[in-house]
Amino acid sequence: MAHGVALANSVYTVGRMSYEKWCELSRQPPKRSQHPFSLHVVTGSAVLISAGHAVRHHRGLDPTIMKPSDRATGPLVEALAFSTGAMALVAMEPWPGNSNADPLENCVFKQRVCVEIASGRIHSVIDIHGMTDGHGADICIGTALLDDSVLAQKARGLFEDAGMVVAMNDPFGARGPGTVTRVAQEHGAEAIQIEACYRLRVGDDGNGDRAFFEALCELVTSQIT
Ligand SMILES: [Zn+2]
């Protein structure tokens with residue numbers, strides 16, 4: 001029997017897909033913390049869904065050059081966690097770190113991912129990002145060190161069944177030494193990176209794509225059960 005969870009004046013049901021929750025959260029401003037290194041965590045187990053580029057972050061060696069957020073990815077992983085019972089990890093302002101590039105020793109985001117894997121609470125990591133619409137695919141799945149990832153093939157099948165064009169590792173393979181996906185694999189987890197195009201995350205009306213959300217729900221749920 002599903003049970004209701006009260007959060008932020010709304011009640012929704014664990015175990016049911018909450019596409020509407022994603023839309024609602026996407027209309028809110030980016031999460032901010034009083035503490036410069038705080039991360040937003042939604043408690044869960046088995047699968048960690050991460051959005052390290054949910055807020056503005058630095059790029060390259062020049063700390064004055066900031067890159068915009070991967071829009072709607074923070075609300076997306078939150079809504080997915082609420083829907084599936086997975087754990088969500090979301091970057092909050094004013095942390096300027098680049099979770100998908102910085103060395104592990106300088107990255108509180110990846111350090112938290114590694115703590116969760118080491119604890120045994122998490123066995124799979126799905127790191128979600130946003131790309132522009134100009135890459136010739138709706139989604140690019142990055143497999144980092146594992147070309148024959150079962151999780152990646154499962155994700156590809158679900159997205160293609162939903163009518164999306166999926167690219168594998170081109171142009172985003174998550175192969176750099178500082179990616180969340182690669183570090184999670186090196187610490188023993190099954191992990192993939194999913195780059196979703198702007199149309200799937202924001203669309204024309206500010207709402208993400210329902211079929212994309214539901215395919216992600218199915219992917220996460222399949223890794224939990
Ligand atoms: Zn990104």
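Two strands count as paired when DSSP finds at least two bridges between them. Strands here are DSSP runs of E with at least two residues, helices are runs of H or I with at least four, and both are numbered from the N terminus. This is a predicted model, where local features need pLDDT of at least 70, side-chain atom pairs count only at pLDDT 80 or more, and totals for chains, interfaces and linings use all residues. Residue numbers start from 1 along each chain as its sequence is written.

With that settled, on to the sheet. The chain has seven helices and 11 strands. Seven strands make an open, mixed sheet in the order β3-β7-β4-β8-β11-β9-β10. β3 and β10 sit at the edges, each pairing on one side only. Inside the sheet, β9 and β11 run antiparallel, joined by four bridges, and Ile-141 has Ile-194 of β11 as its bridge partner.

Now the helices that go with these strands. A contact means C-beta atoms, placed from the backbone, within 7 Å; angles run from 0 to 180 degrees between N-to-C directions, with axes fitted to C-alpha atoms, for helices over the stretch in contact.

| Helix | Strands touched | Angle |
|---|---|---|
| α3 (residues 108–119) | β3, β4, β7, β8 | about 165 degrees with β7 |

Across the whole chain, the C-alpha trace spans about 50 × 40 × 40 Å along its principal axes.

Definitions and conventions
Contact = placed C-beta atoms within 7 Å.
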